[in-house]
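Trainee: Could you walk me through this structure before I start on my own notes?
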Amino acid sequence: MQSDDRVALRATEGLVGRVVVTGAAGMLGTAVIDRLADQHEVIATDLAAGYRRKGVRWSLFDLCDRDALSRFLLAERPDLVVHTAALVDVDLCEQNPSAAERLHVDTTDVISRTLAGWNGSLIYISTDSVFDGSKDGPYDEGDHPAPPNTYARTKLRGEAACLTLRRATVLRTNIFGWSRAERMSFAEWVLRGLVERSALGMFSDVQYTPIYVTQLAEIIESVWQQGVHGLYHAAGLTCLSKYEFAMLVASVFRLSADNVTARSVDDAGLTANRPKNMALRSARLSSALGRAMPPAIDGIQLMRRQYDDGWVARVKGRAVAPGYRFWEVA
Ligand SMILES: NC(=O)c1ccc[n+]([C@@H]2O[C@H](COP(=O)([O-])OP(=O)(O)OC[C@H]3O[C@@H](n4cnc5c(N)ncnc54)[C@H](OP(=O)(O)O)[C@@H]3O)[C@@H](O)[C@H]2O)c1
């Protein structure tokens with residue numbers, strides 16, 4: 001189909017724009033395609049297909065294949081690319097820095113150069129871990145990044161590749177949510193530990209500002225619609241420790257927290273360095289969008305509602321057991 005025909009078809013279907021979402025089968029990607037598919041033509045891309053819903057078309061290939069990526073973009077000519085694909089396993093990035101470099105830097109470079117051909121927009125999802133944690137208090141956009149590991153270093157270089165484009169937005173964040181795949185997210189790991197009452201040792205010396213993926217997906221849509229470009233922090237309003245996060249999950253899901261204990265990240269024996277202060281201040285984005293960032297408790301409540309109303313089962317593509325035993329089929 002020719003590009004003009006596509007625009008005409010979109011208009012007759014009442015769709016606003018054409019959006020490519022990378023990493024669309026991942027935790028954030030799933031929330032983004034679900035949010036955008038009602039109003040936009042969404043092309044989801046990943047290594048394997050994720051949530052299949054009306055309004056989402058899947059295209060499966062390895063983004064690190066530069067030729068395949070630019071061919072795909074030239075054929076689709078999206079108005080917007082939301083680039084969420086990443087190697088989020090920090091220790092794996094340490095062991096395989098060239099894979100991290102290819103996915104975080106090279107793909108972003110290809111996407112921004114290709115989008116420049118038709119003045120397209122790019123929203124690149126970055127991370128709070130570009131900072132080394134030595135600041136006392138939450139980080140602003142003006143603070144100097146000092147990435148402590150390969151994951152963070154390559155994500156930061158991806159930011160620079162993104163910002164070469166005129167209509168580019170970098171959103172640094174820290175997210176939580178339901179994963180679509182059987183691989184468990186951090187919040188799911190906490191919830192499972194609470195439901196099963198297994199010993200949960202949570203870091204009380206790592207502070208962060210997590211945001212729920214569905215809420216970040218809404219913010220991503222607003223960023224695009226309101227034409228907000230540049231570097232922004234897009235995190236939650238509440239600064240809390242991982243231990244406090246687990247206590248909040250227990251309280252919202254009405255589960256006992258007797259099995260949760262506080263521990264130090266220093267005793268965890270992790271391969272890659274992790275900063276202790278990962279808190280971001282998102283005041284700049286709040287004022288650009290004219291809305292407050294959500295507190296952690298709102299996101300956890302929404303996470304619970306999405307289980308209760310069947311959204312989690314739909315996204316996971318299977319029935320889930322009652323009592324928040326999400327890893328079991330009902
Ligand atoms: N999770 C967090 O706590 C966190 C914190 C701060 C920032 N972020 C950022 O938020 C974004 C989304 O994170 P997430 O937790 O949603 O990640 P995720 O669930 O791991 O999703 C990333 C997706 O990208 C896919 N992918 C990896 N390599 C690919 C390749 N070569 N070609 C095509 N697709 C590929 C992954 O597929 P496979 O699963 O098959 O590898 C996965 O489906 C990332 O940019 C991340 O850096 C995340």
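Predicted model: local features only at pLDDT ≥ 70, side-chain atom pairs only at ≥ 80, totals over all residues.

Trainee: Okay, how many helices and strands does the chain have?
Mentor: The chain has 12 helices and 13 strands, counted as DSSP runs numbered from the N terminus, with helices being H or I of at least four residues and strands E of at least two.

Trainee: And what does the chain span along its principal axes?
Mentor: The C-alpha trace spans about 60 × 45 × 40 Å.

Trainee: Switching to the ligand, which residues are closest?
Mentor: The closest are Gly23, Gly26, Met27, Leu28 and Ala86, among 24 residues that surround the ligand, where being near means that a C-beta atom, placed from the backbone, lies within 6 Å.

Trainee: Which element gives the largest share of that shell?
Mentor: Helix 2 does, with 3 residues, while helix 2 (27-36) and strand 5 (121-127) each supply at least two.

Trainee: Last topic: how do the axes of helix 5 and helix 6 cross?
Mentor: The axes of helix 5 (residues 97-115) and helix 6 (residues 150-162) come within 8 Å and cross at roughly 10 degrees, the axes being lines fitted to C-alpha atoms over the stretch in contact, with angles from 0 to 180 degrees between N-to-C directions. That makes helix 5 roughly parallel to helix 6, a label for angles under 35 degrees.

Methods
Residues numbered from 1 in each chain as written. Parallel < 35°, antiparallel > 145°, perpendicular 65-115°, else oblique.
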